Amino acid sequence: MKSFKKSILWLLISSIVFTITSGTQLISNIYNDRIGFIILFLIFTSGLLYFSLLMIIDLITKETKLMKVIIVETDNEIIKVLRANGKKRKIRIPINEINKYEIDQELMLTLTKRTGQIIEISVSDSGSGSIV
């Protein structure tokens, strides 16, 4: 599923661009002596920088985890799956792949270790049944 890897890479690139843009805004506000804005800016962008760092680590180390799920509902490009803990999760998939998935079908999701981004969706060999 190259589309999932492309979307993660696109998130990383856009995050870097937004960080650069925010950095120029910070420099401008430092020049104009706006201390209150600088403090708020640093608080809000620290989360963005932290998430960007986690995505970079996930892309470099390629550490993954597997999650077994069952499809509960399918929509245009979104499928809802039931996780092992009983919670539902929405997954956006490419529109040309929607016909591959049916309700009560068991899937294996390959997720990045830290951010939980989906890298790959594969059909489980055991078919449909209970979540393990």
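Predicted model: local features only at pLDDT ≥ 70, side-chain atom pairs only at ≥ 80, totals over all residues.
**The surface patch**

The patch covers about 600 Å² and is formed by Leu9, Trp10, Ile13, Val17, Phe18 and Leu59. One of these residues, Trp10, lies in helix α1. Its relative accessibility is 59%, and because exposed means over 50%, Trp10 counts as exposed.

**Overall architecture**

Two helices and five strands make up the secondary structure of the protein. Along the sequence these elements follow the order α-α-β-β-β-β-β. The radius of gyration is 19 Å, whereas the globule rule gives 14 Å for 132 residues; the value is well over that figure, so the protein is more spread out than a compact globule. Taken along the principal axes, the box filled by the C-alpha atoms is roughly 60 × 30 × 25 Å.

Of the 132 residues, 30% count as buried. Among contacts in the protein with a separation of 6 or more, 55% are between residues 24 or more positions apart.

**The nonpolar core**

The largest nonpolar core holds 14 residues, and those that touch the most other members are Ile79, Ile91, Ile93, Leu107, Leu109 and Ile121. The elements that each give two or more residues to this core are β1, β2, β4 and β5, with the ranges 64-74, 78-82, 106-112 and 118-123 respectively.

Ile91 illustrates the contacts made by one of these core residues. With residues up to four places away in sequence left out, Ile91 touches Glu77, Ile78, Ile79, Val81, Leu109, Ile118 and Ile121. Two of the residues it touches, Ile79 and Leu109, are themselves named among those that touch the most other core members.

Leu82 is situated in strand β2. At 27% relative accessibility, a value between the 20% and 50% limits, this residue counts as partly exposed. Leu82 is 61 residues from Thr21 in sequence, and their C-alpha atoms are 39 Å apart in space.

The two residues for which accessibility has been described are set out below.

| Residue | Relative accessibility | Class |
|---|---|---|
| Trp10 | 59% | exposed |
| Leu82 | 27% | partly exposed |

Conventions
Residues numbered from 1 in each chain as written. Heavy atoms only, no water. Patch = residues over 30% accessible without salt bridge, like charges linked within 9 Å, V, L, I, M, F, W, Y side chains within 5 Å. Areas by Shrake-Rupley, 256 points an atom, 1.4 Å probe, with all protein chains shown as cover. Salt bridge = Lys/Arg side-chain N within 4 Å of Asp/Glu carboxyl O. Helix = DSSP H or I, 4+ residues; strand = E, 2+ residues; numbered from the N terminus. Buried < 20%, exposed > 50% of the residue type's maximum accessible area, 1.4 Å probe, protein only. Core = buried A, V, L, I, M, F, W, Y, C linked by side-chain atoms within 4.5 Å. Contact = heavy atoms within 4.5 Å. Rg over C-alpha atoms; globule rule 2.2 N^0.38 Å.
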